[in-house]
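Student: Could you walk me through a structure and show me how to read its features?
Tutor: Gladly; let us look at it together.

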Amino acid sequence: MAHLHFRRTVYKSGGQHATARVRYVTRQPVRAVSPADQQVRYISEGREDCVFTTSKNLPAWAEGKPHVFFQAAETYERANGIAFEEWKIALPQELSHRENMALTRDLIWAIAGDALPITYAFHAPRTLDERAQQPHLHLLLSSRCNDGLSRTATQYFRRYNPQHPERGGARKAERLRQLGAVKAHRVVITDVINLHLERAGREARVHPETLERQGIARQPEPKLVPSESREYREEGKVSPRMQEVLEVRAQRQQTRAEEQASARTYWEARKEDLGLTSAMDVTAQLAVIETARGQAREPLSTRQVLLGAVGLEQDDRMLGDLAGEASAQAQHEARAVWEDAQAEQALLNDGWAAVRGARIDGHAALAAELHEQAVKEQARAWRSLEHDLLALAAQLDALSEESGGRGTVRIRLWEREQGLGW
């Protein structure tokens, strides 16, 4: 039965996951093999489930090699920053391989467009009972847009310079960073899947909300580790988690009709909201979906969201969701400001180190020039930081007033001495 399964995993800089994840997704070792050798290896190792894999939008320095790109992301992305994300998306069993390939193409375009570096693969392993396939999409994604400018691997992951893009790193896409981004991804993925199911003449549909939010009394299926699946298929061994899976699948047979009715009702309402009609071709329909995603990402005040969603009555669950979203937004923006401040300070520290080195070497004139430059850079950096923090404080205070909260934000900046120390 068609259902939405979307799992997102984040990998931070400084890690060592890129090699293993690229190998798993693409079934390719670090040193690529020919397509013929790869096919032989799939068959001999029982890994023939990889139907198709490729990369797009990689910068020139990566030379089309995903291992090179994602290893560089882990190495050069700023401290504690997100190096890359891995998404897993279930594809409908109701569609053929050819139809799911077309769906994959449109999903990748909706997710990455022509700018976000991405490596993806269409996998189709057998089900536990070996009676069917479980088609799904794996993708590795970077938020650093490839704008075509010539950069080295080191520069590519530096901070973006809006005034002089060629001097800084690649810009990060807002669609992966804004408030509610994960929910927006789920909605877009649902829209594209439902569009393909409908155009293929299938009755099945998918729904972006959880079973609980749909009011369906069924637990989601727990995730199995590969060893549990293998032991069940080869030895018939049923682990406690496998038992849960079997029970959930049995229960799903009872709720199948209810789940599909909910998904079809959602899609009909969604088409009406988007203005999708059967007279539009698939390109026009996808353009409407993409436009709606862009509009959904526009920031709205808490009051606007509440009035648009529930009129004058404030639903307790909606308020709880908004509080969580607001908290996530505040944490994200505060973290971004702090990371920018750390980056600025790192540059300043380099400047002060150069001043000290110049003085030690006896280059007084150079030391004086570097000192003056560092002082100006320090003043500029702290003015920029002060502006960002005050703007964040104003935003949080306004959010608190709109939601009727009592929280306040107090930010105090200490004056810095103009000497070499703190």
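The dialogue below goes from the overall fold to ring pairs, cores and backbone angles.

Student: Where do we begin, and how many helices and strands are there in the protein chain?
Tutor: Keep in mind that this is a predicted model. The protein chain has 13 helices and 5 strands. Of its 422 residues, 39% count as buried. Its accessible surface comes to about 24,000 Å², and 51% of that belongs to carbon and sulfur atoms.

Student: What share of the contacts between residues at least 6 apart in sequence joins residues at least 24 apart?
Tutor: In the protein chain that share is 68%.

Student: Now the rings. How is a pair of aromatic rings described?
Tutor: The general idea is to give the distance of the centres and the angle of the planes. In this structure there are 11 aromatic pairs. Take Tyr-11 and Phe-84: their ring centres are 4.9 Å apart and the planes meet at 25 degrees, so this pair is stacked.

Student: Which parts of the chain does that pair tie together?
Tutor: Tyr-11 belongs to strand S1 (residues 6-12) and Phe-84 to strand S3 (residues 82-90), so the pair ties together parts that are 73 residues apart in sequence. Tyr-11 is buried, with a relative accessible area of 12%, and Phe-84 is buried too, at 1%.

Student: What is the geometry of the rings of Tyr-156 and Phe-157?
Tutor: Their centres lie 5.1 Å apart with the planes at 70 degrees, so that pair is edge-to-face. Both Tyr-156 and Phe-157 are buried. Ring pairs also link these two with Tyr-11, Trp-61, Phe-69, Phe-70 and Phe-84 into a cluster.

Student: Let us turn to the nonpolar cores. Which residues touch the most other members in the largest one?
Tutor: That core has 39 residues, and the ones touching the most other members are Trp-87, Ile-89, Leu-137, Leu-139, Leu-141 and Ile-193. Among the elements that give two or more residues to this core are S3, strand S5 (136-141), helix H6 (181-199) and helix H9 (240-274). A second, separate core has 20 residues, including Tyr-11, Val-22, Phe-69 and Ala-83.

Student: What is Trp-87 in contact with, leaving aside neighbours within four places in sequence?
Tutor: Its contacts include Phe-6, Ile-111, Leu-137, Leu-139, Leu-141 and Leu-176, and also Arg-7, Arg-8, His-138 and His-185.

Student: Where is Ser-13 placed, and what does its side chain reach?
Tutor: Ser-13 is in the loop between S1 and helix H1 (18-26). Its side chain reaches the backbone nitrogen of Asn-80 at 3.2 Å. Ser-13 is buried, with a relative accessible area of 15%. Beyond its neighbours within four places in sequence, Ser-13 is in contact with residues including Ala-73, Glu-77, Arg-78 and Gly-81.

Student: Is Arg-27 buried or exposed?
Tutor: Arg-27 is buried, with a relative accessible area of 4%.

Student: And what is phi of Asn-57?
Tutor: It is near 65 degrees, again a positive value in a residue other than glycine. Asn-57 lies in the loop between strand S2 (50-56) and helix H3 (66-76). At 16% relative accessibility, Asn-57 counts as buried, the cut-off being under 20%.

Methods: Residues numbered from 1 in each chain as written. Predicted model: local features only at pLDDT ≥ 70, side-chain atom pairs only at ≥ 80, totals over all residues. Heavy atoms only, no water. Phe/Tyr/Trp six-rings, centres within 6.5 Å; stacked < 30°, edge-to-face > 60°. Helix = DSSP H or I, 4+ residues; strand = E, 2+ residues; numbered from the N terminus. Buried < 20%, exposed > 50% of the residue type's maximum accessible area, 1.4 Å probe, protein only. Contact = heavy atoms within 4.5 Å. Areas by Shrake-Rupley, 256 points an atom, 1.4 Å probe, with all protein chains shown as cover. Core = buried A, V, L, I, M, F, W, Y, C linked by side-chain atoms within 4.5 Å. Polar contact = N/O pair within 3.5 Å; in protein donor to acceptor, adjacent residues only side chain to side chain.
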